[in-house]
Amino acid sequence: MLILPPLVVFPSRLASTRLPGKPLADIAGRPMIVHVLDAALKADIGPVVVAAADPEICQAVTNAGGTAVLTDAGLPSGSDRVWQAVQALDPNGQYGTIINLQGDLPTLEPEALHAVLKVMDNPAFDIGTLVAPMTSEEEKEASSVVKVACHFDPTTEQAAALYFSRQLIPWGQGPFWHHVGLYGWRRTALARFVDLPPSGLEKRESLEQLRALENGMRIGCARIAIAPFGVDTPQDLERARRLLGA
């Protein structure tokens with residue numbers, strides 16, 4: 001079977017609790033979802049698809065020349081939305097690696113996708129993700145910033161994620177790592193993950209990736225210099241508009 005490039009899929013829905021309609025929020029004259037789409041296309045690692053919960057998102061993506069798949073609005077998570085789109089687009093399983101990108105990262109650099117793809121070259125990991133060093137006390141204290149317990153040796157570019165938390169971890173001297181919500185999945189790992197029930201720590205921390213760790217999956221981390229910020233609030237949106245020249 002011909003092995004094709006990775007498939008990049010990012011879920012998007014209008015029903016955000018803190019910022020309703022945020023995928024279509026205008027930033028520098030374009031919807032936020034289109035800024036993320038552009039970054040993914042510039043990475044040039046494979047086809048890019050938006051897994052949308054709403055027809056309005058599909059329309060915005062197709063108007064910008066992108067590809068969108070309308071998924072079931074009642075799906076419980078972004079990972080479920082990604083998997084439904086993958087099954088619709090690639091029923092024969094030609095794409096062995098799925099890059100799951102979050103649709104609320106308008107300042108994402110295309111190089112980030114290459115970084116997570118390198119983790120997927122390591123057969124020790126089922127899932128790849130990114131971390132960036134924390135640079136402020138505000139980051140360390142914010143529950144919206146997810147922290148990762150991982151350790152990079154001086155000679156290694158990758159590290160295993162041992163735990164994720166909204167609290168600052170680990171204890172002691174050393175760098176603290178800000179988790180960036182971008183994942184590489186082996187197709188088999190994603191298929192298994194969406195069939196698993198939410199786990200205890202996942203529900204306690206409200207962090208989906210803990211389901212994978214609690215079920216024995218290994219998550220590898222690669223470092224990037226700066227974490228792209230997620231747009232979750234009106235204040236975040238104004239910051240994005242300032243940064244992107246709106």
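Predicted model: local features only at pLDDT ≥ 70, side-chain atom pairs only at ≥ 80, totals over all residues.
Residues are numbered from 1 along each chain as its sequence is written, and side-chain values use heavy atoms, leaving out hydrogens and water.

The structure holds 3 aromatic pairs; rings of Phe, Tyr and Trp (its six-membered ring) pair if their centres lie within 6.5 Å, and planes under 30 degrees apart count as stacked, over 60 as edge-to-face and the rest as tilted. In one of them, Phe-152 and Trp-177 have ring centres 5.1 Å apart and planes at 65°, so this pair is edge-to-face. Phe-152 sits in the loop between strand 8 (147–149) and strand 9 (158–160) and Trp-177 in strand 11 (residues 177–186), so the pair ties together parts 25 residues apart in sequence; strands are DSSP runs (E, at least two residues), helices likewise (H or I, at least four), numbered from the N terminus. Both Phe-152 and Trp-177 are buried.

Back to our opening residues: Trp-185 and Phe-193 make a tilted pair, 5.0 Å centre to centre with 55° between the planes. Together with Tyr-183, Trp-185 and Phe-193 form one aromatic cluster.

Phe-193 also leads us to a helix contact (heavy atoms within 4.5 Å): Ser-79, Asp-80, Val-82, Trp-83 and Val-86 in helix 3 meet Arg-187, Leu-190, Ala-191, Phe-193 and Val-194 in helix 6.

Technical notes:
Buried < 20%, exposed > 50% of the residue type's maximum accessible area, 1.4 Å probe, protein only.
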